[in-house]
Amino acid sequence: MVTDLMDKLTHIFGQGLSNSFYPVPQQAIGVGGAFEGWSPHAEDVVYCVLVPLSPPPGHAFHLELNTAGMRQRNFSVHMELLCTCMREQLGENMLCFLHHPEVELRRKQDPSLLHTLCTGSYLDVEKTVHWFYRLVRVAWLLLPQSCHCHLMLQPSSLSCTFHLSKDKESFMVEMMFGVRQGDSDIFVGSQHTEVVIPSTTWLETYAVAEAKFFRHISRQAPHDSGHCKCLQLLTHILMSVGFSGYTLKTVVMHLLNTVPPTWWHRRDFWQRLVDILKYLHCSLETKRLNHINIGNERFPMEISLPSDFHVAEQFNLFQHLVSNLDAHLKARHEYIHLLHR
């Protein structure tokens, strides 16, 4: 239902933006636990989707890697105006932003993306999100669902979140926005962070690649595979323990990438739980948990990664435990708490 709703919204966006110079939303991609099949919440599930953005005509996106000291790689999306004089000669109703007088452009054509959603020459996350909020509010009224469902937009500066309800049923949808790195399954996106970052900073996100990884495993695993149930159970327990759900998801993905799919039958459920806990314990003792995408030569080839990912230095998600003794002791206590639960 979420996918169908997003497809209808994207279609309306495409029609409404056909003559403008705003980013072009592409088909939304379901990501996260709800779409991967292991969401720990029986109720109040948040369905996360990533909406890829393409540049409008006469514009180009260029990703610039920032080297500021953050644990997660981040980028700026530089906006470049392209010459469209040839398109005008071919009869297309578009003036060239580079070579037409500014007075004529203002009189005959909508402003370029540089003058709407950019700060300086860089695409602004917060401006993009606020623009999309306005789009959703208008597009929703054009959908048949608006007659019998109630849509409530939730305020946020980094994603477009809305609550949809009908009678006693309800669910939450969070729309993130991203720019694809080349033709890979890695994006730079609008994400929430623990620290304040500039509104022109887009964080590297692996959510689409990881969602494809779970689909890849599901095609190979037995029909009664318990890998999602393992992750669902442990992340539910983690709600009262200090480990992040992403830490446990990474552990499970590493095991899914090494333990044969036929070993994940439901009858092997408890053994796989033990394997997951042992892997987590070993990672804590060595203070090392490698990211599943970066520097992993065993990652399924059908998932497209940037060329430098396979040979890149492995990224340690537990790097903060190496230099912080208190954090390491706290993580070990949390692991013991997890075992007791």
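Contact means heavy atoms within 4.5 Å. Every view below comes from a predicted model, in which local features need pLDDT of at least 70, side-chain atom pairs count only at pLDDT 80 or more, and totals for chains, interfaces and linings use all residues. Residues are numbered from 1 along each chain as its sequence is written, and side-chain values use heavy atoms, with hydrogens and water left out.

**View 1**
His254 sits in helix α8. Helices (H or I, at least four residues) and strands (E, at least two) are DSSP runs, numbered from the N terminus. Is His254 buried or exposed? With a relative accessible area of 12%, His254 is buried. Buried means under 20% relative accessible area, exposed means over 50%, and partly exposed is in between (1.4 Å probe, protein chains only). Not counting residues up to four places away in sequence, His254 touches Tyr279, Leu289, Asn290, His291 and Ile292.

**View 1. Leu255 in helix α8.**
Leu255 is also part of helix α8. Its relative accessibility is 8%, so Leu255 counts as buried. Which residues does Leu255 touch, not counting those up to four places away in sequence? They are Trp264, Asp275, Ile276 and Tyr279. Leu255 and His227 are 28 residues apart in sequence. In space, their C-alpha atoms are 9.7 Å apart.

**View 2. Helices α8 and α9.**
Two packed helices are described by the angle between their axes and the distance between the axes. Axes are lines fitted to C-alpha atoms, for helices over the stretch in contact, and angles run from 0 to 180 degrees between N-to-C directions. For α8 and α9, the angle is about 115° and the axes are 10 Å apart. That makes the two helices roughly perpendicular. Angles under 35 degrees count as roughly parallel, over 145 as roughly antiparallel, 65 to 115 as roughly perpendicular and the rest as oblique. On the α8 side, the contact is made by Thr247, Leu248, Val251, Val252, His254 and Leu255. On the α9 side, Asp275, Ile276, Tyr279 and Leu280 take part. The crossing of α8 and α9 is right-handed. A crossing is left-handed if the near helix is turned anticlockwise from the far one by less than a right angle, and right-handed if clockwise.

**View 3. Helices α7 and α8.**
α7 and α8 pack at about 155°, with axes 10 Å apart. They are therefore roughly antiparallel to each other. This crossing is right-handed. From α7, the contact uses His227, Leu231, Leu234, Thr235 and Leu238. From α8, it uses Gly245, Leu248, Lys249, Val252 and Leu256.

**View 4. Helix α9 from end to end.**
Helix α9 holds 18 residues, 269-286. At 1.5 Å a residue they should span 26 Å, and the end C-alpha atoms are 26 Å apart, which agrees. The expected span is 1.5 Å times one less than the number of residues. Among the buried residues of α9 are Phe269, Arg272, Asp275 and Ser283. The buried residues of α9 pack against α7 (227-238), α8 (245-256), α10 (319-323) and α11 (325-340).

Most residues other than glycine have a negative phi. Lys287 follows α9 and lies in the loop between α9 and α10. Its phi is positive, about 60°, although Lys287 is not a glycine. Lys287 is partly exposed, with a relative accessible area of 24%. Asp167 is found in the loop between β9 and β10. Asp167 is not a glycine either, yet its phi is positive, about 55°. At 77% relative accessibility, Asp167 counts as exposed.

**View 5. The largest nonpolar core.**
A nonpolar core is a set of buried Ala, Val, Leu, Ile, Met, Phe, Trp, Tyr and Cys residues joined through side-chain atoms within 4.5 Å. How many residues does the largest nonpolar core have? It has 49 residues, and those with the most contacts inside it include Phe13, Val51 and Phe132. The largest share, nine residues, comes from α5. Leaving aside neighbours within four places in sequence, Phe13 is in contact with Pro25, Phe132, Leu135, Val136 and Ala139. Apart from this core lies another, of 42 residues, among them Tyr206, Ala221, Ile294 and Ile303.

**View 6. Val51 in strand β3.**
Val51 has its place in strand β3. Val51 is buried, with a relative accessible area of 2%. Beyond its neighbours within four places in sequence, its contacts include Met6, Pro25, Phe132, Met175 and Phe177.
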